[in-house]
Amino acid sequence: MAEAGDDSQEKTEEATPRRLEKSREDGQTARSRELATMAVLLAGASGLLIFGAMLGEALERIMRFSFSFAREQAFDTHFMGLKLLAAAQEAALALAPFMLLVLIAAIAGSIGIGGLLFSGKAIMPKLNRMDPLKGLKRMFSTRSLVELVKAIAKVGLVMAVAILILRLRTDDLLSIASQPAVPAMAHVVTTLGWSFFLLACATVVIAAIDVPFQIYDHHKKLRMSKQEVKDEYKDTEGKPEVKGRIRQLQREMAQRRMMQDVPGADVVITNPSHYAVALKYDQNTMAAPIVVAKGADQVAFKIMEIAREHKVDVLRTPPLTRAVYHNTDIGGEIPDGLYMAIAQVLAYLFQLRQFRRGQGEKPTLPEFPIPGDLRRDR
């Protein structure tokens with residue numbers, strides 16, 4: 001038999017919930033760099049289209065401010081430093097909405113698949129990654145080949161879209177040279193924005209292919225062999241022999257507690273060769289008689305032995321004993337249909353105790369009425 005975790009075992013089973021949870025704890029989840037790239041590029045292009053006019057106006061103000069000063073101020077290094085600081089502040093305020101949009105897109109693209117995940121294990125150094133042989137193996141793996149094909153396809157697609165945009169907008173781009181400076185800047189921003197947006201749209205195709213592949217590849221890496229599933233079940237649920245031993249100990253403890261209640265019973269009814277049931281009734285505190293102990297075979301003989309040791313009456317009532325045994329739980333009340341039969345048992349015991357004290361005739365054990373739905377033949 002192959003050892004657990006042996007790489008020779010075929011991993012045919014889907015990852016269990018515990019395996020998926022552990023992979024997230026280790027910082028391993030499906031991620032798509034292409035999705036993040038697409039989100040940033042689309043956000044950047046949309047930002048240029050949305051905030052392009054505002055950026056153009058800010059650029060105009062910065063240029064006017066930067067190049068408008070007296071001759072003697074040009075030789076004042078302190079003044080020029082203040083000019084540079086003011087221009088930088090103006091540029092930062094103008095770029096803030098654009099950069100915020102790109103930042104939000106970068107975060108959303110990163111957690112688009114796999115969700116938000118914080119794990120210190122993901123950034124811990126791993127010595128096995130420094131192994132040159134394993135590094136070469138990764139370089140020539142199927143995954144590396146897929147990444148190479150993706151990179152070539154991505155460059156080819158973006159280049160094709162860029163060439164198409166240049167062909168379609170050649171005349172428009174050349175016309176900028178003949179425009180005044182201010183309208184030309186606005187025209188450049190608009191042209192760059194739409195061109196950038198069309199280029200970014202090309203990455204949608206790449207992301208649409210990469211996202212399903214990354215999800216599939218992630219689940220494939222987490223697949224488990226049948227032995228790994230069995231081992232995880234044992235670790236999670238406990239080994240069968242250990243669970244069996246625990247159940248055995250629980251039964252033994254329950255039986256010990258049950259046997260401790262037998263001396264306080266009013267009567268033990270028996271089917272001598274199979275069953276024994278200990279009953280107790282206190283008319284001041286109980287609505288109906290309750291079963292304090294019951295058992296079959298060896299447990300039944302033990303109940304009868306303890307009852308005789310503590311002088312608890314033991315009555316042989318096979319049909320009634322079978323009915324009570326099969327229709328009650330330990331600590332539970334007897335069923336309504338057996339009230340009359342148990343009342344007759346208690347009445348018989350009262351008469352029997354009176355007889356033992358010499359205060360009456362010896363009673364005869366009656367036939368106990370048992371409803372058909374509660375009767376048991378064995």
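Which residue in S4 is the bridge partner of Val-267? In this predicted model, the residue of S4 that bridges to Val-267 is Asp-313. The two strands concerned are S1, which spans residues 267-271, and S4; they pair in the parallel sense over four bridges.

**The sheet**

S1 and S4 belong to an open sheet of four strands, arranged in the order S3-S2-S1-S4 with mixed pairing. Its edges are formed by S3 (290-296) and S4, each of which pairs on one side only. From one strand to the next, the twist averages 20°.

At the other end of the strand order, S2 (residues 275-280) and S3 pair in the antiparallel sense over six bridges. Within this pairing, Lys-280 has Ile-290 of S3 as its bridge partner.

The two pairings described above are set out below.

| Strands | Sense | Bridges |
|---|---|---|
| S1 and S4 | parallel | four bridges |
| S2 and S3 | antiparallel | six bridges |

Strand S4, made up of residues 313-316, presents two faces: Asp-313 and Leu-315 lie on the covered face, whereas Val-314 and Arg-316 lie on the uncovered one.

Helix H11, formed by residues 339-356, lies across S1, S2 and S4. Relative to S4, H11 runs at about 125°.

**A residue in helix H6**

Ser-195 is located in helix H6, which covers residues 181-221. Is Ser-195 buried or exposed? Ser-195 counts as buried because its relative accessible area is 14%, and the cut-off for buried is under 20%. Leaving aside residues up to four places away in sequence, Ser-195 touches Ile-165 and Arg-169.

**The protein as a whole**

The protein contains eleven helices and four strands. It has 378 residues, of which 31% count as buried. The accessible surface of the protein comes to about 24,600 Å², and carbon and sulfur atoms account for 62% of that area. Among the contacts between residues at least 6 apart in sequence, 74% join residues at least 24 apart.

Technical notes:
Residues numbered from 1 in each chain as written. Predicted model: local features only at pLDDT ≥ 70, side-chain atom pairs only at ≥ 80, totals over all residues. Heavy atoms only, no water. Buried < 20%, exposed > 50% of the residue type's maximum accessible area, 1.4 Å probe, protein only. Pairing = 2+ DSSP bridges. Axes fitted to C-alpha atoms, helices over the stretch in contact; angles between N-to-C directions. Contact = heavy atoms within 4.5 Å. Areas by Shrake-Rupley, 256 points an atom, 1.4 Å probe, with all protein chains shown as cover.
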